[in-house]
There are 2 protein chains.
Amino acid sequence: MSEFEEPIERLIEYFRSLPGVGKKTAQRYAFHIIENSKEKAENFAKAIVDVKEKVRLCKECGNYSASEICPICQRRNQKLICVVQEPKDIISMEKVKSFDGVYHVLFGCINPLENKGPNDIRIKELLARVQKNGVQEVIMATNPDVEGEATAMYVAKLLKPMGVKVTRLAQGISIGSDIEFADEVTLEKALKSRQEI
Amino acid sequence: MSEFEEPIERLIEYFRSLPGVGKKTAQRYAFHIIENSKEKAENFAKAIVDVKEKVRLCKECGNYSASEICPICQRRNQKLICVVQEPKDIISMEKVKSFDGVYHVLFGCINPLENKGPNDIRIKELLARVQKNGVQEVIMATNPDVEGEATAMYVAKLLKPMGVKVTRLAQGISIGSDIEFADEVTLEKALKSRQEI
């Protein structure tokens, strides 16, 4: 016999399917639903269904959006594009308030081990945007790992002949961190890219 | 302007209302829903609504149950009752496979600071059960803090004249822990309750 009766067990299973949620946490979430009002549970359920019904990909950048063109693409400088791997990377980038350009989500990066080639991510769409909007600069903000680097290099090679400036986020030691605890690869990169002060 | 559009923001808010969930975690959960199938989202939503529709309190013990009388009360020894503060305490107690009695949920404990008196928790129901079922022993498994202790003492005083044995979970140092790190109150209790070997 399972630990809980069916409706409780099933809700626990759904909570467990969320990223990083184990058995105990899922139980706490389920008990929270049980202990709160029916109205709140119904609204919660509605919010889950709504998000799937209303949220789609922005036709321009590929970010999640409730409208055909997302608010960022509607309002900001189209001539500056920051290319990211996933929609969640946009959340991080948006903390930098000084950036006034738009984004382009690749949905992954070139990764032979996962059988992901250039045609499996949104590179074609990026090239089309660059041509259509007379983009001046493309910032490659793919992850600083092997696959992210390779993807950045690949995209740069395609974009440069189109006369667009392609840049990459700077790599080095984190602000506020300790040199003592920086890993050697990061330190080597920081040394190579050292700048005159 | 908020960071996300309305349907996403609203779902994030609902996830944030779960215990121990902060902004970042709620965002990850919401993105997980967006990235998964519509069918899964609908089933998740249904599981939330279902649990509120089907789960009620067991008429005997007060634990969450999908039936009028919960499976534990239906099948186990009615003459041995373990009294706990909250339904989630039953989950912990049930890990002790050797316990074959039933439970009684008080839904809290006597706590003057929170204006909770004996009539605000399910003590009346406990007395009625003891009388009705000819209970032989009541184990008080309220928390080992001031309020839990006081509640255990209060209930014991009411039960003893009814000729029922009232016991309390033993308190002392945890199995597998280090005496070095045990707090002084626990150590004092362990010393007082020392047993001959």
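Is A:Asn115 buried or exposed, and what is its relative accessible area? A:Asn115 is exposed, with a relative accessible area of 69%. Buried means under 20% relative accessible area, exposed over 50%, and partly exposed in between, with a 1.4 Å probe and protein chains only.

This is a predicted model, in which local features need pLDDT of at least 70, side-chain atom pairs count only at pLDDT 80 or more, and totals for chains, interfaces and linings use all residues. Residues are numbered from 1 along each chain as its sequence is written, chains are lettered from A and ligands numbered from 1 in the order in which they are written, and side-chain values use heavy atoms, with hydrogens and water left out.

**View 1. Two loop residues with positive phi.** Most residues other than glycine have a negative phi. A:Asn115 is not a glycine, yet its phi is positive, about 60°. A:Asn115 sits in the loop between strand E4 (101-105) and helix H6 (123-133) of chain A. Helices (H or I, at least four residues) and strands (E, at least two) are DSSP runs, numbered from the N terminus. In chain B, the phi of B:Phe107 is near 60°, again a positive value in a residue other than glycine. B:Phe107 lies in the loop between strand E4 (101-105) and helix H6 (123-133) of chain B.

View 2. Strand E5 (residues 137-140) of chain B is covered on both faces. B:Glu137 and B:Ile139 are buried on one side, B:Val138 and B:Met140 on the other. Strand E3 (residues 77-84) of chain B pairs with E5(B) in the parallel sense, over four bridges. Two strands pair if DSSP finds at least two bridges between them. Opposite B:Met140 of E5(B) stands B:Val83. E5(B) also pairs in the parallel sense with strand E6 (residues 165-168) of chain B, over four bridges. Here B:Glu137 faces B:Lys165 of E6(B). Right-handed means that, with the strands pointing away from the viewer, the path from the first strand over the helix to the second runs clockwise.

View 3. B:Gln85 lies in the loop between E3 and helix H5 (87-93) of chain B. B:Gln85 counts as buried because its relative accessibility is 7%. B:Gln85 and B:Ala45 are 40 residues apart in sequence. In space they are 30 Å apart, C-alpha to C-alpha.

**View 4. Strands E5 and E6 of chain A.** Strand E5 (residues 137-140) and strand E6 (residues 165-168) of chain A pair in the parallel sense, over four bridges. A:Val138 has A:Val166 in E6(A) as its bridge partner. The chain crosses from E5(A) through H7(A) to E6(A), a right-handed β-α-β crossover.

**View 5. The axis between the chains.** A rotation of 180° with 0.0 Å of shift along its axis superposes chain A on chain B, with an RMSD of 0.0 Å. That is the relation of a two-fold axis. In chain A, the C-alpha nearest the axis belongs to A:Ala45, 2.0 Å from it. Copies are superposed by least squares on the C-alpha atoms of residues with pLDDT of at least 70 in both.
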